[in-house]
Amino acid sequence: RAALERFVTDPAIGVPLAGALWRYWYLRGQYREGYDWLIRALQTQFDGPLPLRTRALRGAGNLALLLSDYPAAISHFEEALTLQRDSGDLRSVASTLSSLGSVAVQQYDQVKARSLFEESNQLFRELGDQRGTALTMSNLATVCANTGDLDNAWRLHTASILLFRELG
């Protein structure tokens, strides 16, 4: 906290530091504290590498999602997505699309969630990212279950489990 307080207003250090710590706050259940630090850091004029800013934005999006602040989560994820698309970072694009799908699930918008998860899954498949593919198949299965499409939910969950087992 002392280091964050000292460096949070220095964008060259604050954004990367807060972005690197978001999982710590997640694992400790300190969503509000982490989110507040990330917002303070992201309000600075950061001119460093885009992946560092997008990591902080995704961290803020994830913590906002956990705080049920869906408009904020969407805003952070969409800003990250724009930067990722502009830089051609397709793996990060796929991951952020999946995060936006998770927000849509929480907002009971299964149609939007399905579309986002399908786009994410397609990108993960094209990239050969089996872990990402397995995760988004599981997410799609949840959407199918939520909409009463139990046959597809079963098929997708089973395929996801098998793929996760292959990955160890």
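**View 1. Aromatic pairs in the predicted model.** In this predicted model, the count of aromatic pairs comes to two. One of them joins tryptophan 22 and tyrosine 26; their ring centres are 6.2 Å apart and their planes stand at 50 degrees, so this pair is tilted. Tryptophan 22 and tyrosine 26 both belong to helix 2, four residues apart, which puts about one helical turn between them. Tryptophan 22 counts as buried, at 9% relative accessibility, whereas tyrosine 26 is partly exposed, with a relative accessible area of 37%.

View 2. Tyrosine 31 has a relative accessible area of 25% and is partly exposed. Together, Trp22, Tyr26 and Tyr31 make up one aromatic cluster.

**View 3. The largest nonpolar core.** This core holds 34 residues, and Trp25, Leu38 and Val103 are the ones that touch the most other members. At least two residues of the core come from each of helix 2 (11-28), helix 3 (31-42), helix 4 (50-66), helix 5 (70-87), helix 6 (90-106) and helix 7 (110-127). The most is given by helix 5, which supplies eight residues. Another core, of 13 residues, lies apart from the largest one; Val105, Ala113, Phe117 and Leu140 are among its members.

**View 4. Contacts of valine 103.** Valine 103 is among the residues that touch the most other members of the largest nonpolar core. When its neighbours within four places in sequence are left aside, valine 103 is in contact with Leu65, Tyr70, Ala73, Ile74 and Phe77.

**View 5. The largest cavity and its lining.** The model has one cavity of 30 Å³ or more. The volume of the largest cavity is about 30 Å³. Its lining consists of Ile74, Leu100, Val103, Ala104, Gln107, Lys112 and Leu116. Helix 6 and helix 7 are the elements that give two or more residues to this lining, and helix 6 provides the largest share, three residues. By type, the lining residues divide into five nonpolar, one polar and one charged.

Key
Residues are numbered from 1 along each chain as its sequence is written. This is a predicted model: local features need pLDDT of at least 70, side-chain atom pairs count only at pLDDT 80 or more; totals for chains, interfaces and linings use all residues. Side-chain values use heavy atoms; hydrogens and water are left out. A nonpolar core is a set of buried Ala, Val, Leu, Ile, Met, Phe, Trp, Tyr and Cys residues joined through side-chain atoms within 4.5 Å. Buried means under 20% relative accessible area, exposed over 50%, partly exposed in between (1.4 Å probe, protein chains only). Contact means heavy atoms within 4.5 Å. Rings of Phe, Tyr and Trp (its six-membered ring) pair if their centres lie within 6.5 Å; planes under 30 degrees apart count as stacked, over 60 as edge-to-face and the rest as tilted. On a 1 Å grid over the protein atoms alone, a cavity is a set of points where a 1.4 Å probe fits but cannot get out, and a pocket is an open set with protein on both sides within 12 Å along at least five of seven lines; lining residues have an atom within 4 Å of a point. Grid points are joined across faces, edges and corners, and a volume is the space filled by probe spheres set on the points. Ala, Val, Leu, Ile, Met, Phe, Trp, Tyr, Cys and Pro count as nonpolar, Asp, Glu, Lys and Arg as charged, and the others, Gly among them, as polar.
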